[in-house]
Amino acid sequence: MNPISRRSFLAGTCGLLMLNGVQALPASANSAVKKLSNGRLSVQLARIPALATIGGSVAIGNIKGKPVAISRTGDKTYIAFSLSCPHQGVPVEKTESGWICEAHGSEFEPDGDLVLGPATTRLKRIPMKVTRNTAVVG
């Protein structure tokens, strides 16, 4: 058996992270998100169980090839944000307490605010407009 180089190991690990970096929506929420013709996402907020409570967050899909999430921040307020770590662009993963970048350990609140670096900023906000419990993201 040939020894594996550090470079090959890291390249393989990053590839696996990219494949597993963002979990799909639960089956119950798949019909709540629709891709619009302009590349944006339409999200029926009330149909996503993770957004039923304040502080809930969920990955909703990709906009321009980048993973995006929504978090409920108040009774009728939500924010959308990128799931690419601002440190080096690696997709973050959902945890019980928020989001984590497994590449370097940056941690984020459910709403994308920074908890622990090496990232120095929160997850980038994505424009979103909510009308009658439907959000258009992007």
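The sulfur of Cys101 lies 4.0 Å from the closest cysteine sulfur, that of Cys85, which is too far for a bond. A disulfide is defined as a pair of cysteine sulfur atoms within 2.5 Å. The structure holds zero disulfides. Cys85 is accordingly in no disulfide. Cys85 counts as buried, at 3% relative accessibility. Cys101 is also buried, at 2%. Here buried means under 20% relative accessible area, exposed means over 50%, and partly exposed lies in between, with a 1.4 Å probe and protein chains only.

The model is predicted: local features need pLDDT of at least 70, side-chain atom pairs count only at pLDDT 80 or more, and totals for chains, interfaces and linings use all residues. Residues are numbered from 1 along each chain as its sequence is written, and side-chain values use heavy atoms, with hydrogens and water left out.

Secondary structure comes next. Helices (H or I, at least four residues) and strands (E, at least two) are DSSP runs, numbered from the N terminus. Two strands are taken to pair if DSSP finds at least two bridges between them. Strands of a sheet pair through backbone hydrogen bonds, either parallel or antiparallel.

Strand 3 spans residues 57–63. Five of its seven residues are buried, so strand 3 is largely enclosed by the rest of the structure. Strand 4 covers residues 66–72 and pairs with strand 3 in the antiparallel sense, over six bridges. The two strands form a hairpin with two residues between them. Lys64 lies in the turn and has a positive phi of about 55 degrees. Along this pairing, Ala59 has Ala69 of strand 4 as its bridge partner. Val58 stands opposite Ile70 in strand 4.

Val58 itself lies in strand 3. The residue is buried, with a relative accessible area of 8%. Val58 and Lys94 are 36 residues apart in sequence, yet their C-alpha atoms are 7.8 Å apart in space.

A further open sheet of four strands has the order 6-7-8-9, again with antiparallel pairing. Its edge strands are strand 6 (93–94) and strand 9, and each pairs on one side only. Strand 7 and strand 8 run antiparallel and are joined by two bridges.

Rings of Phe, Tyr and Trp (its six-membered ring) pair if their centres lie within 6.5 Å; planes under 30 degrees apart count as stacked, over 60 as edge-to-face and the rest as tilted. A search of the whole structure finds one such pair. The ring centres of Phe81 and Trp99 are 6.1 Å apart and the planes stand at 80 degrees, so the pair is edge-to-face. Phe81 lies in strand 5 (residues 78–82) and Trp99 in strand 7 (residues 99–100), so the pair ties together parts that are 18 residues apart in sequence. Both Phe81 and Trp99 are buried. Lys94 lies over the face of Trp99, at 5.2 Å from the ring centre. For such an arrangement, NZ of Lys or CZ of Arg must be within 6 Å of the ring centre and within 35 degrees of the ring normal.

Charged side chains were then paired. A salt bridge is a side-chain nitrogen of Lys or Arg within 4 Å of a carboxyl oxygen of Asp or Glu. By this rule, the count comes to one salt bridge. The side chains of Arg125 and Asp113 form it, at 3.1 Å from N to O. Arg125 lies in strand 10 (residues 125–126), and Asp113 in the loop between strand 8 (107–108) and strand 9 (114–116), so the pair ties together parts that are 12 residues apart in sequence. Arg125 is partly exposed, with a relative accessible area of 25%. Asp113 is partly exposed as well, at 27% relative accessibility.

Ser42 counts as buried, at 16% relative accessibility. Contact here means heavy atoms within 4.5 Å. Not counting residues up to four places away in sequence, Ser42 touches Ala32, Val33, Lys34, Leu36, Thr134 and Ala135.
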